[in-house]
Amino acid sequence: MASSHPPRDSNSNIPDFEYLDVNTKPFHVGSFRHEWLNRLKPSDYSYRREDDDTFDANFMKEMGVGAETMAELKSICSPDSLRCHPEGQQPDTELVPPEPMLQTLIQRKKRQDHRANQKISKNRHDLYADELERLIVGRKPESTADIIPEGEIVLTINVYYPITSERISTSRPHMSLLMTGSHSLAELRDAICCVSDLQVCGEFSNTPDLAPDFISKDLFKSSFFFFEGVFYNDMRFPECQDISKTTIEWAKARNYPPYTQAKMEDTRFVDLTIKVGFPYLYCHQGDCEHLVIITDIRLTHKSDCLDKKLYPLLIRKDRLLTQKCTVCHLFIGRWFTTNDQYAPSDPCLFCDKCFRALHYDAAGNKLGEFLAYPYVDQGAFN
Amino acid sequence: MDFCRKEVKSDCEQLLSRFQRTGSVRFEIFSRLWREMKFSHIFYGTAGHQKRAFSHLILDTARSFFLPPFSFQIRVGGLYLLYSLYQCQTAEPKEQIRLALKDWEDVKKFEKNAVDAQHHDTVYILQQLMLLKAFYFTAMPSQLVFKKKKKMEKSVLCEEFIERASRPQELITIDLLEELSNINELYEKLKTSVASSEQAVSSINLVRTDMVPQLRSTVVDFYKWQQKKEVTVEDEDSGEGTSSQQECSERAERLADIKSRAYGQAAEASKSRRHRQVEVDFTSNEAGPSHSSSYTRIYKRSLKARTMENVHISGDKWKDVTSSSYIPRLTTLDFIPEEKPKKCKKFKW
């Protein structure tokens with residue numbers, strides 16, 4: 001009989017593309033982790049590096065080579081053999097070397113020259129990204145109890161802006177977070193900062209001092225995540241309601257595939273079955289919806305930040321420009337007025353000082369007619 | 001960082017094609033070529049967090065050469081390239097090489113091939129990379145952000161690097177032919193013993209009598225034709241003795257598997273499949289199904305353009321609006337001199 005190879009096991013725990021370079025088919029995170037751990041030796045994913053002598057001894061035994069061959073091999077394959085500059089002369093790695101031969105370098109040099117001519121000031125996003133990276137990379141915890149165990153799963157999650165205005169970009173994520181497999185969805189929820197959580201509802205022109213008591217985050221605590229046909233509700237507090245019930249009933253009435261529910265605080269990431277690269281939903285405040293995409297799942301590595309207390313870890317944050325007060329252009333706007341006879345436009349933004357100076361007299365009495373709402377700037381989390 | 005993807009790929013291809021021409025799989029030769037091309041310099045000139053982004057890009061590109069469908073020599077070159085890039089990168093701490101779960105089998109088979117062929121330096125380098133913890137063990141080869149591209153870019157694989165197809169030779173082996181001819185003989189004998197007369201035998205001729213010799217000659221012809229085509233490229237199989245005809249069945253199978261998947265996804269089909277319509281077309285924003293055999297894409301104009309066309313804003317209102325007002329910019333002069341829009345010179349790639 002012809003030696004036919006059996007078809008490769010279509011193991012659904014091995015992630016594969018559903019659409020090439022777009023997203024994967026759904027798979028169970030915990031099983032994926034087991035697949036990797038079954039294939040690797042513990043030393044492969046350990047944080048400690050194996051001793052060089054042990055490595056040499058094992059290699060010689062496995063390949064059947066003598067000590068002399070081993071020494072020769074080591075010298076041929078050492079990083080020194082890749083040195084492209086004369087010994088002793090350490091080149092400046094910040095500059096493109098003169099007379100580049102490689103196409104990448106030629107292009108890079110052209111770009112640098114162009115930038116030098118243009119006098120473009122450094123992008124503020126780059127500045128913040130550099131700073132954030134310095135804070136995160138390779139952080140180790142002080143106590144060993146807080147270290148993330150070897151073989152743990154790390155997920156990279158992108159959270160996007162809610163579509164509240166056309167100026168907000170939909171392709172740039174608002175923030176990127178790292179979470180471990182043993183974290184629960186509730187912890188992710190707590191880490192997502194959205195300005196709509198700080199909004200205060202209501203008109204406060206008559207009682208400007210009472211505004212801070214009514215933050216939406218404290219009032220409307222319900223929220224849910226939607227992954228693969230399951231709504232994960234936040235039920236930690238007595239005020240939380242099941243806001244996904246409406247959608248589920250609506251779907252049932254219209255012959256959609258049935259959706260199920262679960263509790264956010266009881267579900268950990270390793271229990272989920274998800275697609276990598278596929279957009280899911282996070283909804284809070286009843287109608288503030290964010291896209292959530294899980295961009296990457298992998299095993300931990302020794303160069304990751306290993307302090308459990310720092311997770312959920314922010315690795316990237318988009319900083320928005322803040323709107324300043326119309327009057328002083330210095331402070332960030334905190335009050336929003338309409339129908340205001342004193343304001344130059346309708347609506348109008350004021351900082352706290354200018355607002356009170358313009359609309360109230362020294363005794364705190366309201367002057368004139370206007371409606372005032374507390375305003376939370378979109379860049380509040382910068 | 002995507003702007004330099006093509007340049008990085010062509011630099012890597014240049015190094016690997018030089019390596020391919022030497023016909024060797026020794027790291028010494030590779031490092032000599034590396035030094036000649038001064039490849040470490042590829043990292044110089046980046047600043048800040050761009051170092052990490054660039055490391056990521058170039059390791060990504062190099063990793064693709066380490067995996068199928070490339071030939072064994074190119075894969076060895078890809079491995080050496082990964083090792084060298086990993087060691088020479090300027091990002092601190094080092095950026096890791098992403099290895100997806102689905103590619104693990106290929107890596108293990110490659111290692112086994114190298115061990116069997118006693119390529120000590122190849123095995124050493126691979127095991128050194130594991131020792132240095134140079135790999136991230138991931139779900140997928142790159143991070144996925146649901147980026148739907150309007151134009152499906154065909155990932156162009158360098159033709160010279162791809163492994164020679166050896167499917168026909170692998171299916172029709174000597175053993176198979178022997179077995180076939182044995183079975184054929186048995187069948188003939190059975191037929192004659194069952195049949196009562198000569199007439200009956202000839203009427204139930206379902207099998208060609210000379211099938212086996214013809215099959216063999218066809219395969220041999222194909223093999224000879226392939227050999228003639230590859231006169232310039234030195235056959236790495238015979239040179240290094242890394243794998244015999246029998247062994248490349250696995251690679252051939254994988255190559256066929258990947259090719260069939262690739263054809264299913266590409267927007268532009270190869271010559272052999274031009275009569276078929278494109279199978280996966282989720283990015284299309286066409287008005288109707290694309291049943292035509294010619295691949296002319298009907299591009300619908302954007303919603304904004306169509307709205308401008310269809311919705312007519314009444315003349316007066318449109319004239320009054322000169323520019324949109326910004327709340328912060330309220331205290332300005334009545335007369336504003338015409339501002340020439342700042343023209344930022346775009347960099348020509």
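This is a predicted model: local features need pLDDT of at least 70, side-chain atom pairs count only at pLDDT 80 or more; totals for chains, interfaces and linings use all residues.
**Exercise 1.** Describe the salt bridge between A:R236 and A:D234, and place it in its network.

*Solution.* Step 1: the side chains of A:R236 and A:D234 meet at 2.9 Å, N to O. Step 2: A:R236 is partly exposed at 31% relative accessible area, whereas A:D234 is buried at 0%. Step 3: through shared partners, salt bridges link A:D234 and A:R236 with A:R189 and A:D190 in one network.

**Exercise 2.** Classify A:E35 and A:R39 by accessibility, and relate their positions in helix 1 of chain A.

*Solution.* Step 1: buried means under 20% relative accessible area. Step 2: A:E35, at 13%, is buried, while A:R39, at 24%, is partly exposed. Step 3: the two residues lie 4 residues apart in helix 1 (residues 29-39), which means a separation of about one helical turn. Step 4: A:E35 and A:R39 form a salt bridge, the closest N and O atoms being 2.7 Å apart.

**Exercise 3.** Determine how the buried and exposed residues of helix 8 of chain B are arranged around its axis.

*Solution.* Step 1: helix 8 spans residues 174-194 and reaches 30 Å from first to last C-alpha, close to the expected 30 Å. Step 2: B:L176, B:L177, B:N184 and B:K191 are buried. Step 3: seen down the axis, the buried residues of helix 8 fall within an arc of 95°, so they line one face. Step 4: the face turned away from that buried side carries exposed residues, including B:D175, B:L186 and B:K189.

How values were computed:
Residues are numbered from 1 along each chain as its sequence is written. Chains are lettered from A and ligands numbered from 1 in the order in which they are written. Side-chain values use heavy atoms; hydrogens and water are left out. The expected span of a helix is 1.5 Å times one less than its number of residues. Buried means under 20% relative accessible area, exposed over 50%, partly exposed in between (1.4 Å probe, protein chains only). The arc is that of the directions from the helix axis to the C-beta atoms. A salt bridge is a side-chain nitrogen of Lys or Arg within 4 Å of a carboxyl oxygen of Asp or Glu.
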